[in-house]
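Thank you all for making the time this morning.

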Amino acid sequence: MQLTLDYKRTCNCGALRKEDVGKSVALSGWVHKRRDLGGLIFIDLRDRWGLTQIIFHPETAESSYALAKTLRHEWVIHIKGEVRAREAGMENKDHATGSIEVSALHLHVLSESKTPPFSLFEDLSQISEDLRLEYRYLDIRAGRVASLLEIRHRAMMIVRSFLDQREFIEVNTPILGKSTPEGARDYLVPSRIFPSSFYALPQSPQIFKQLLMLAGMDRYFQIAPCFRDEDLRSDRQPEFMQIDIEMSFLTFDDLKEMIETMLNKVFKETVDVKLPPFQVIDYSTCIENYGTDRPDLRFAMNLVRVDDLAKRCKFSVFSKIVAEGGIVKGICVKNGASFSRKTVDQYTEFVSHFGLKGLAFAKVENGTTLASGVSKFFTAQEHLELIKSFNAAEGDLLLFAASREKIVNQSLDHLRRKIAADTHLLNTPAYAPLWVVDFPLFEEDETTGRLKSVHHPFTSPCPEDLDKLETSPLEVKSIGYDVVINGYELGGGSQRIHDPKLQKTIFEKLNLSPESIEEKFGFFVRAMQYGAPPHLGIALGVERLVMLLGKTTNIKDVVAFPKNLKASDLMMKTPSTVDDEQLKELGLDFRVKK
């Protein structure tokens with residue numbers, strides 16, 4: 001192979017059309033497929049923009065034809081040739097360039113490739129995810145991930161332009177910060193200069209963006225990198241990006257209008273989708289009707305509480321649980337009476353992972369009678385009551401859960417989503433956006449019994465609930481809100497506290513001593529004493545937004561170089577050990593003590 005700098009292209013591999021016939025062109029890219037038909041060699045040449053078919057004739061380019069016989073998948077080549085129309089009946093309607101081909105006159109091999117560990121032009125869903133992550137650069141080159149990264153790029157450009165037009169200023173806040181409690185574990189960075197001291201990577205720029213409001217910046221945003229050392233799942237990564245927004249002297253109604261307008265613009269200009277109107281549902285209603293504060297509204301199957309009937313029925317499992325302070329809820333699966341007993345048993349096994357000991361069921365017959373399962377424990381009148389409560393009809397299936405409220409809600413939330421997926425209720429291009437509002441300000445820590453913030457300690461309580469702070473803090477609602485689309489919490493935010501006295505009260509309710517407040521938030525408390533404007537904000541997850549735009553359920557699809565579920569980078573082999581000398585500089589000793 002000879003080194004050549006002759007690789008500049010006149011266009012990309014997705015650009016040529018029938019009107020370009022007769023033009024001389026130069027293309028560079030990867031050999032996607034190669035077909036040797038004896039007298040002719042066909043190459044599908046690929047780059048980020050698409051595929052172009054290249055044809056090598058022995059009569060018109062003898063040396064290039066001979067070299068083309070040696071080409072293999074993923075070799076990088078440069079060709080020069082003439083655009084020709086494909087013969088009638090030979091067009092490929094699956095490709096934008098399918099009406100033309102390029103007759104090659106010159107060929108340069110820019111670099112060769114080893115045989116890839118998996119085929120880049122076959123269904124990668126059948127390939128081990130770990131293998132794809134180990135060779136992520138090839139996974140991206142295959143196209144699907146690249147297309148999602150392009151969607152991500154376009155979405156962020158739209159967001160930046162939109163916020164710029166609304167007079168927001170993009171400010172980059174520090175990556176090396178202070179460890180403060182925000183729910184998840186921090187990633188810590190030891191300081192070489194200050195032994196035994198650590199920076200924390202930001203879980204969010206929360207403190208900094210509020211300080212920018214105190215600094216008079218008025219409207220701030222950034223596409224912010226965030227880090228959380230938490231257990232991973234299909235929609236979480238240890239490092240992620242968020243569209244971070246904060247603004248002064250505006251209200252939730254202003255923010256709501258702005259975010260809805262921005263998201264509509266993003267969806268329309270990236271994937272040509274017009275979002276339906278955003279619903280607004282309060283937190284309590286979400287928990288009661290869906291068992292979660294991030295419901296998927298693309299399908300019904302709401303949770304229905306039947307405590308009153310459970311108290312008086314002859315089914316002792318129900319009546320006993322209610323008497324002990326538990327609850328009974330159920331869902332109605334339309335046409336679910338066709339489910340086999342094996343299927344119901346599989347769903348029973350599924351909910352057991354959330355602490356539920358069993359599922360009770362009954363099928364609706366004739367629209368007025370329950371059959372099978374636990375139907376024998378209810379009177380004819382109770383059959384009618386249940387059917388009416390669930391708005392059930394003949395052929396439907398009722399599934400009941402009885403336990404502590406949290407277990408029932410969590411179990412039926414996950415069951416509802418699973419049945420919707422299993423019965424193809426989610427096979428729709430529809431989006432169902434909503435705002436969840438009126439979150440409680442506090443919740444009780446199950447381990448310590450102490451109060452903890454539902455969002456974070458800077459969230460403002462509702463003014464009308466201020467008198468409950470001393471007597472009934474768990475009843476205090478916050479001016480907190482989440483944006484949810486199709487069951488994904490896209491983002492959340494709140495009105496912030498701007499009164500130093502109220503902020504001090506909230507810290508005290510969270511059992512923070514004056515010493516602890518000074519250590520963790522002293523700088524912020526002092527800043528509030530120099531004139532804090534009313535302000536509020538929100539943060540939207542970039543990866544979850546792109547997942548929705550790209551219709552994928554796996555966050556790794558929308559991240560260029562993601563971690564696996566163990567927070568490991570299989571390509572770079574991280575996390576990894578470091579040299580003893582580096583540890584010594586940091587004053588760290590990880591040797592196992594005997």
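Let me begin with a helix pair, where H13 passes H14 in a right-handed crossing, and a crossing is called right-handed if the near helix is turned clockwise from the far one by less than a right angle, left-handed if anticlockwise. Before I go on, please keep in mind that this is a predicted model, in which local features need pLDDT of at least 70 and side-chain atom pairs count only at pLDDT 80 or more, while totals for chains, interfaces and linings use all residues. Residues are numbered from 1 along each chain as its sequence is written, and side-chain values use heavy atoms, with hydrogens and water left out.

Helix H13 covers residues 500–509 and helix H14 covers residues 514–528, and their axes come within 10 Å and cross at roughly 165°. That makes H13 roughly antiparallel to H14. The axes are lines fitted to C-alpha atoms, for helices over the stretch in contact, and the angles run from 0 to 180 degrees between N-to-C directions; under 35 degrees counts as roughly parallel, over 145 as roughly antiparallel, 65 to 115 as roughly perpendicular, and the rest as oblique. On the H13 side, Pro500, Gln503 and Phe507 meet Ile517, Phe521, Phe524, Val525 and Met528 in H14, where contact means heavy atoms within 4.5 Å.

The second pair is helix H4, residues 144–165, and helix H6, residues 252–271, which pack at an angle of about 140° with their axes 9 Å apart. That makes H4 oblique to H6, and here too the crossing of H4 past H6 is right-handed. The residues of H4 that take part include Ile151, Ile158 and Phe162, and those of H6 include Met258, Met262 and Val266. Lysine 256 is also placed in helix H6, and at 19% relative accessibility lysine 256 counts as buried, a word I use for under 20% relative accessible area, with exposed for over 50% and partly exposed in between, using a 1.4 Å probe and protein chains only. Leaving aside neighbours within four places in sequence, lysine 256 is in contact with Val280 and Trp435.

Stepping back to the whole chain, there are 16 helices and 22 strands, and the C-alpha trace spans about 90 × 75 × 60 Å along its principal axes. Of the 594 residues, 48% are buried.

Now to the annotation. An unreviewed UniProt entry carries a "binding site" annotation that covers, among others, Arg228 and Gln237; its positions are given in the numbering used here, feature names are shortened, and annotations may be inferred rather than shown by experiment. Arginine 228 lies in the loop between strand S9 (219–227) and strand S10 (239–248), and glutamine 237 is found in the loop between S9 and S10 as well. Arginine 228 is partly exposed, with a relative accessible area of 23%, whereas glutamine 237 is buried, at 5%. The side chain of arginine 228 has a polar atom 3.2 Å from the backbone oxygen of glutamine 203. Not counting residues up to four places away in sequence, glutamine 237 touches Leu232, Ile555, Lys556, Pro562 and Lys563.

Finally, some backbone details. Most residues other than glycine have a negative phi, and most peptide bonds are trans. Which two residues are joined by a cis peptide bond? They are threonine 574 and proline 575, with omega about 0°, and proline 575 sits in the loop between helix H15 (542–550) and helix H16 (580–586). Serine 196, although not a glycine, has a positive phi of about 65°, and serine 196 is exposed, with a relative accessible area of 69%. Histidine 424 also has a positive phi of about 65° without being a glycine; its place is the loop between helix H12 (405–422) and strand S17 (433–437), where histidine 424 is exposed at 55% relative accessible area.

Technical notes. Helices (H or I, at least four residues) and strands (E, at least two) are DSSP runs, numbered from the N terminus. A polar contact is a pair of N or O atoms within 3.5 Å; within protein, one must be able to donate a hydrogen and the other to accept it, and residues adjacent in sequence count only if both atoms are side-chain atoms.
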